[in-house]
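Work through the exercises below with the sequence and the model open, and try each task before reading its solution.

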Amino acid sequence: MVFDIITISNIHIQRRKDLDIKISFKDLQCGEFPSYQSGDTITITGDGSTSLRELAKLLKFDKPYHLVIENLRIENNVDDSSEESLFDSNLLSFTSLDVENIEGFAFKNCSELEKIDLPSVKNVGLCAFSNCKKLRRVYLPSVQHVDVSAFENCENLSEVIMPKAVEIEGDSFKNCFNLKKVELVNAINIYDEAFRNCFNLSELKMPLVRIIGELAFEKCISLEVVDLPEAVYIRRGAFSNCFRLKRVSMPNVLDLKESSFNVCTRLESIELNNVRHIGYSAFSNCENLQQIDAPLVEEIEGNAFSGCSKLETISIPKITKIEAQTFEYCVSLKEIDLSNVRVIRERAFMDCKSLRLKNFEIPVVEEIGEEAFVRCNSLVKVNLPQAKTIGQAAFQWCINLESVEMPVIENLYDKVFWFCESFSDMIAPYQPAHELVKMKMLK
C-alpha cells in the first residue's frame with residue numbers, strides 16, 4: 001500500500017512559552033528534526049493520508065513527548081505483518097480525532113504511555129497497547145472491535161469504557177491487575193481469557209452479552225455481582241476462582257460448561273431458570289451456595305456441585321441420571337426429589353450427611369453405583385422398587401438406615417450395607433436372606 005504523506009504541512013512543538021517551530025516534510029525526510037524539551041507536545045498536521053507505521057518510521061524522538069495528529073487521515077496498513085512496536089518508550093500520550101484504526105503492535109511496550117484520546121477509533125489491533133504499564137484509562141466511544149491481547153498486561157489500567165464495542169477478543173485485558181470498572185453496554189461476545197486475572201475488577205456492565213468465553217473472568221477476585229440478562233452460553237472456567245462473587249443473574253443461559261463457577265466460595269444465589277446443561281465441576285466448592293432451582297436442566301455432569309457444603313435444596317425434576325460425585329460432600333443437602341432418576345453413578349451423594357429422600361424412595365432407579373450413598377447418616381428408610389443393580393459399598397456407613405426395599409434386585413455387590421448399625425429389615429427376592437446376603441449387608 002502506498003500512502004501520500006508528502007502533504008504533511010508542519011510539525012508544531014508546543015512548549016510552556018508557546019514556542020512554535022515548523023519543519024517541512026522534506027527536512028523531516030532528511031532526518032532534520034527540531035530539538036524539543038522533555039514533556040513537550042508535538043503536533044503533526046496535514047491533509048494527506050498515511051498509516052501509523054509509515055509515519056512512525058519518520059519520527060525519531062530521543063526524549064519523552066506527547067503526540068497529537070490533526071487533519072491527517074490515518075489508514076490501516078494491512079500489508080504489514082511486522083510485530084514490532086511503532087513507538088518507543090518516550091511516548092507519554094497520543095491524541096487524534098482522525099485515526100479510525102490502530103494497527104497491530106502499534107503501541108506495544110510503550111512503557112511510559114499514560115493517556116490516549118482517540119474518539120474516532122473503530123478497531124484496535126492485535127497487541128496494540130499490550131505492556132503499556134502506565135496506561136490508566138481507556139475511553140474509546142466509537143470502537144467496535146478489540147483484537148487479541150490489545151491491552152494485555154496494562155498493569156495500571158483502572159477503567160475501560162467502550163459503549164459501541166461488540167467483540168472483545170481473547171486476552172484483550174488479561175493481567176490488567178488494577179482494572180476496576182468495565183462498561184461494554186453493546187458487547188455481544190467476550191472471548192477466551194479476555195479479563196483473566198483482573199484482580200480488582202468490581203464493576204461490570206455487559207447487558208447484551210450472549211457468549212462468555214473460556215476463563216474470560218477467571219480470578220477476577222473482586223467481582224461480587226454479575227448480571228447477564230441476555231447471556232446464553234458460559235464457557236469453561238469463565239468465572240472460576242472469583243472468590244468474592246456472591247450473586248449471579250443470567251435468566252436466559254442455556255449451557256454452563258466445565259468449571260464455569262468452580263471455587264466461587266462466596267456465591268450464595270444464581271438463576272438457572274432456562275439452563276439445559278450443567279458441565280463437569282461447574283459449581284464445585286461453592287461453599288456458600290444454598291439453593292439451586294433448575295427446572296429445565298436435562299444433563300448434569302459429574303462433580304458439578306461437589307463440596308457445596310451449605311447447599312440445602314435443589315430442584316432438578318427433568319434429570320434422569322446423576323453422574324459420579326455430582327453432590328459429593330454436600331453435607332447440608334436435606335431433601336432431593338429423584339422421581340425420574342434411573343441411574344445414580346459412583347459417589348454421587350457421598351457424605352451427604354443430612355440427606356433425606358422424598359417419600360423415602362427413588363421410584364424408577366435401576367442402577368446405583370459404588371459408594372453412591374456412603375455416610376448418608378440421615379437415611380432411615382429407602383424404597384427402591386425398580387433397582388436391579390447396587391454397587392459395592394453403596395450404602396456403607398449409613399448408621400441410621402433401618403430398612404431397604406428392593407424387590408427386583410438382581411446384582412447386589414459386596415459391602416453394600418456394611419457398618420449400617422441400625423439395619424433391621426430388608427425386602428428382597430432373597431427372602432429368607434442366606435449367608436451371602438448377610439455378608440454383603442453387615443460387618
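Cys 398 is buried, with a relative accessible area of 0%, where buried means under 20%, exposed over 50% and partly exposed in between, with a 1.4 Å probe and protein chains only. Residues are numbered from 1 along each chain as its sequence is written, and side-chain values use heavy atoms, with hydrogens and water left out. This is a predicted model, in which local features need pLDDT of at least 70 and side-chain atom pairs count only at pLDDT 80 or more, while totals for chains, interfaces and linings use all residues.

**Exercise 1.** Find how many disulfides the model holds, a disulfide being a pair of cysteine sulfur atoms within 2.5 Å.

*Solution.* The count comes to zero disulfides. Cys 110 is in none, since the nearest cysteine sulfur, that of Cys 132, is 5.2 Å away. Cys 398 is likewise in no disulfide, and its nearest cysteine sulfur, that of Cys 420, is 5.2 Å away.

**Exercise 2.** Classify the aromatic pair of Phe 151 and Phe 173, given that rings of Phe, Tyr and Trp (its six-membered ring) pair if their centres lie within 6.5 Å, and that planes under 30 degrees apart count as stacked, over 60 as edge-to-face and the rest as tilted.

*Solution.* Begin with the total, which is 21 aromatic pairs. The rings of Phe 151 and Phe 173 lie 5.1 Å centre to centre with 0 degrees between the planes, and the pair is therefore stacked. Phe 151 is buried at 0% relative accessibility, and Phe 173 is also buried at 0%.
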